[in-house]
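Please keep the sequence and the coordinates at hand while reading.

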Amino acid sequence: MKLRSFAAMLATAVALPLGAASAADLEVTHWWTSGGEAAAVAELAKAFDATGNHWVDGAIAGSGGTARPIMISRITGGDPMGATQFNHGRQAEELVQAGLMRDLTDVATREKWKDIVKPASLLDSCTIDGKIYCAPVNIHSWQWLWLSNAAFKTAGVDVPKNWDEFVAAAPALEKAGIVPLAVGGQPWQAAGAFDVLMVAIAGKDTFQKVFGDKDEDVAAGPEIAKVFKAADDARRMSKGTNVQDWNQATNMVITGKAGGQIMGDWAQGEFALAGQKAGTDYTCLPGLGVNEIISTGGDAFYFPLLKDEEKSKAQEALASTLLDPKTQVAFNLKKGSLPVRGDVDLAAANDCMKKGLDILAKGNVIQGTDQLLSADSQKQKEDLFSEFFANPSITPEDAQKRFADIIANAE
Amino acid sequence: MAGHTQSSGRPNQWLRNLNAKIASVPMILTAVVIFLGGTIWTVVYSFTNSKLLPRLTFVGFDQYERLWDAPRWLVSVQNLAIYGIFSLIFSLVIGFVLAALMDQKIRFENTFRTIMLYPFALSFIVTGLVWQWLLNPEFGIQSVVRSLGWETFTFDPLYNADIVIYGILIAALWQGTGLVMCLMLAGLRGIDEDIWKAARVDGIPMWKTYIFVIIPMMRGVFITTLVIIASGIVKVYDLVVAQTSGGPGIASEVPAKYVYDYMFQAQNLGQGFAASTMMLITVAIIIVPWAYLEFGGGRKRV
């Protein structure tokens, strides 16, 4: 089997330079490289190949922080790919303003994206000056706490139902030699965990005021002080994690070496790949079990402006394939994310995804920080929280002061 | 310079060695356009608020103010200072001592020299990964020593924010001293045998001969080595990325990484340019007085 697919790969490699096929090869870059992610992206490739075009996979390892600079420099440097993943929101804003990206409004009106994409904020994030520049593919929410049932059994305590119970259970976990909360060393993980704590503890309105309106008084106020207090707990509980990548941290939860992890719903793909079942092997708590709200950030594909007409046509085909109901279901089930259209049937979804769909249907949603803040502010926030989580000598008060400064200077 | 004083019979000064001059045009252009031009461009744009794409909207010293307010930049500068001073001292001292030992007409000198120089053949990324594994408490040095019976032995510099920069220093020295040793050895071989004989006749102990006679004679080699080490220090980046990615937290960040992260990840070119201009100024502060002493100042020393 392996040999045959290898042979097929060789064959395509030989066929490529001939360029005999009328349909175009489209290079698609993305940073989906963990086990669950790779399985999901294979679904997209399959669906796109079925349209007669050819998906040339351009996976870039090392998560978005590594991949985005490569993608951007390829686009600005005059060597654009056929399509590329970004988190929709502000990451590609300037590329669009510089006229390097392709306007998809035609495809969008033809396929009635305005009516099918739910929540509408997803398409708003793709819209700049009234034109649509990206095709959203999934909704990812950050606000999840993943718990290892086995770890709590070893420690002899019940699986917590919310954040406070989790904090209370931490000493028992530590006594059993289990790290209560796994937080990987990559900076975005610490920053993301803080955002999640903020929604859960300070609520939706405060979140919107801080990140949406950039209100520095709120950011320096008592509500956020409570969040920093909780982040201080999280910092204590995460001591001894000693891994870098998010999926390594998730793996600690899967193997019962850690009690839990605050991570987006993409972690679900890892649990599924390890053959674990929601409810029996692991437990998921949206909004940390405190405030059942999820953010609707996610991934979208952007299409650089290309001169080649064939490829431009293939871009259109890819854009409509991405939002096709069948692709949406196949892709999102593997990825563990939620579909961008409300009209598809996810009967095969597991418990956790159903919880997410339910919250989505109720409309308890907020925008993701990628949509609200510029990459610059996000980076400053990452610097602050990776330092905060690694260095116990920074008091929550000092950190809050620096946080308020970042918000005050954010655009 | 002295063009008008030459006799009319000789060909124009500009046309002498014409082939060589034409051949060096590409390199001159590269130096002027790419190095000098790029540098000036960077400095100019560091005064703008360029984000993802360069834009000429000047904002004065805003980028620099923000830079020197950023805790991460301050940590980076401090780390570079510690790393720089220690790596300069240790690689010179260790390199020279190794070379002096090697110079005692030992057997298998070639073998030893190859072994010492071997790490230098590896890229910083590989060195970084090797030492990341060696210093990992779960399967590196710490776990080996613990399995030998010392249960409480702790050696995990990469996971301790206070000493992480020394963990990186160890890897850098492991890689770099071999080259320093070879340079020093070449310098020692260039010393005339008669000097040693004279010192022996005068009854000067060997260590004194090294310090007061040999080292001053090796001035040129030392300066070459110094420049090689110093340029390696300022640009240290890949070693940190491979070993710690700047962690834990921001404890092992270095200026070059700040530049990269803010230019490309944070999509804030202005901030990255400001940081790289600061790096340039630092280098200039070190290089200019030295270059003046070495090449200018009128008197020629050899």
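B:Lys105 is found in the loop between α3 and α4 of chain B, where helices (H or I, at least four residues) and strands (E, at least two) are DSSP runs numbered from the N terminus. The phi of B:Lys105 is near 55°, a positive value in a residue other than glycine. Because B:Lys105 has 6 C-beta neighbours inside 10 Å, it counts as exposed; a residue is exposed if 12 or fewer other C-beta atoms, placed from the backbone, lie within 10 Å of its own, buried if 20 or more do, and partly exposed in between. This is a predicted model, in which local features need pLDDT of at least 70 and side-chain atom pairs count only at pLDDT 80 or more, while totals for chains, interfaces and linings use all residues. Residues are numbered from 1 along each chain as its sequence is written, and chains are lettered from A and ligands numbered from 1 in the order in which they are written.

A:Asp129 lies in the loop between β4 (127–128) and β5 (131–132) of chain A, and with 8 C-beta neighbours inside 10 Å it counts as exposed. Most residues other than glycine have a negative phi, and most peptide bonds are trans. The peptide bond from A:Lys118 to A:Pro119, by contrast, is cis, with omega near -10°. A:Pro119 belongs to the loop between α6 (113–116) and α7 (121–126) of chain A.

Chain A as a whole contains 20 helices and 13 strands. Its radius of gyration is 22 Å, close to the 22 Å that the globule rule gives for 411 residues, so chain A is as compact as a globular protein of that length. The radius is taken over C-alpha atoms, and the globule rule is 2.2 Å times the number of residues to the power 0.38. Along the principal axes, the C-alpha atoms of chain A fill a box of roughly 65 × 50 × 35 Å. Of the 411 residues in chain A, 51% are buried. Among contacts in chain A between residues at least 6 apart in sequence, 77% join residues at least 24 apart; two residues are in contact if their C-beta atoms, placed from the backbone, lie within 7 Å.

Which part of chain A is largely enclosed by the rest of the structure? Helix α13 (residues 246–254) of chain A is, because 7 of its 9 residues are buried. These buried residues are A:Trp246, A:Asn247, A:Ala249, A:Thr250, A:Met252, A:Val253 and A:Ile254. They pack against β7, β8 (179–181), α10 (187–212), β9 (258–262), α14 (267–273) and β10 (282–286) of chain A. Just after α13(A), A:Gly256 takes a positive phi of about 80°.

A buried position also occurs in a loop: A:Trp142 is found between β6 (134–136) and β7 (144–148) of chain A, and it counts as buried with 21 C-beta neighbours inside 10 Å. Leaving aside neighbours within four places in sequence, A:Trp142 is in contact with A:Gly192, A:Asp195, A:Val196, A:Gly264, A:Ser295 and A:Gly368.

Attention now turns to the packing of helices in chain B. Two packed helices are described by the angle between their axes and the distance between the axes. The axes of α7 (residues 164–189) and α10 (residues 219–234) of chain B come within 9 Å and cross at roughly 165°, which means that α7(B) is roughly antiparallel to α10(B). Axes are lines fitted to C-alpha atoms, for helices over the stretch in contact, with angles running from 0 to 180 degrees between N-to-C directions; angles under 35 degrees count as roughly parallel, over 145 as roughly antiparallel, 65 to 115 as roughly perpendicular and the rest as oblique. From α7(B), the contact involves B:Gly176, B:Val180, B:Leu183, B:Met184, B:Ala186 and B:Gly187, and from α10(B), B:Val221, B:Thr224, B:Thr225 and B:Gly232.

Helix α4 (residues 109–117) of chain B also approaches α7(B), their axes coming within 7 Å and crossing at roughly 135°; the two are therefore oblique to each other. B:Arg113, B:Met116 and B:Leu117 of α4(B) meet B:Gly178, B:Leu179, B:Met181 and B:Cys182 of α7(B).

Finally, the two chains meet: 20 residues of chain B are in contact with 20 residues of chain A. On the side of chain B that touches chain A, α3 (71–102) and α12 (255–265) each supply at least two residues, and the largest share, 4 residues, comes from α12(B).
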